[in-house]
Amino acid sequence: MSLERTFSIIKPDAVAGGKAGAILALLEERGFRIVTMRKMLLSQAQAEGFYAVHRERPFFQSLVKFMTEGPVIVLALERADAVKMLRETMGATNPANAAEGTIRKRFAESIERNCIHGSDAPETAAVELAYFFSTLDLAI
Ligand code: CMP
């Protein structure tokens, strides 16, 4: 399969907990190239916009509060079959159900504070990459 790009966020729990370096190292070990990345503090509007698809869910306000509590690292990642392989590398949304060796199994606390986000489909990845990065950011 040809190279594909996906979008990821190392979430506030992992950044504050000093796990960002270990997560980035694991992603590189699994064959992901870091195309570009940025550490940033999400505003409430930015977090609400990013997670707009979840706005009717009961956990939406709590999720936005969590995602704005401290800095995140937003990432563009590249490898063959990147979307699917990142989902596998992250593990299940709920760390209690995540397989051994996955990022969430190793580093996540709970279904909400689950240390990493990854796009769920190539179409979503394109939208999420464009939400955070410019064409010039991605031309690396
Ligand atoms: P993510 O993959 O970023 O997509 C949506 C996020 O919502 C998810 O990771 C979790 O952080 C959070 N989430 C999903 N389901 C729940 C839930 N049942 N309760 C609380 N938070 C959730």
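How far does a polar side-chain atom of Arg 104 lie from an oxygen atom of the ligand? In this predicted model, the separation is 3.3 Å. In the side chain of Tyr 51, an N or O atom is 2.5 Å from an oxygen atom of the ligand. For His 117, the corresponding distance, again from a side-chain N or O atom to a ligand oxygen, is 2.9 Å. As to cover, the ligand on its own has 450 Å² of accessible area, and the protein covers 81% of that.

Let me turn to the surrounding shell. Besides Tyr 51, Arg 104 and His 117, the residues around the ligand include Lys 11, His 54, Phe 59, Leu 63 and Thr 93. Ile 111, Glu 112 and Asn 114 are also among them. Sorted by class, this shell comprises four nonpolar, four polar and three charged residues.

Next, the pocket itself. The ligand takes up the space of the largest pocket, which holds about 650 Å³. Its lining consists of 23 residues, and those nearest the centre are Tyr 51, Val 53, His 54, Leu 63 and His 117. Two or more lining residues come from each of α3 (44-50), α5 (82-90), β4 (116-118) and α7 (122-132). Of these elements, α7 gives the largest share, with four residues. By class, the lining has nine nonpolar, seven polar and seven charged residues.

Thank you for your attention.

Definitions and conventions. Residues are numbered from 1 along each chain as its sequence is written. This is a predicted model: local features need pLDDT of at least 70, side-chain atom pairs count only at pLDDT 80 or more; totals for chains, interfaces and linings use all residues. Side-chain values use heavy atoms; hydrogens and water are left out. A residue is near a molecule or strand if one of its heavy atoms lies within 4 Å of it. A polar contact is a pair of N or O atoms within 3.5 Å; within protein, one must be able to donate a hydrogen and the other to accept it, and residues adjacent in sequence count only if both atoms are side-chain atoms. Accessible areas come from the Shrake-Rupley method with a 1.4 Å probe; for residues, only the protein chains shown count as cover. On a 1 Å grid over the protein atoms alone, a cavity is a set of points where a 1.4 Å probe fits but cannot get out, and a pocket is an open set with protein on both sides within 12 Å along at least five of seven lines; lining residues have an atom within 4 Å of a point. A molecule sits in a cavity or pocket if more than half of its atoms lie within 2 Å of its grid points. Ala, Val, Leu, Ile, Met, Phe, Trp, Tyr, Cys and Pro count as nonpolar, Asp, Glu, Lys and Arg as charged, and the others, Gly among them, as polar. Grid points are joined across faces, edges and corners, and a volume is the space filled by probe spheres set on the points.
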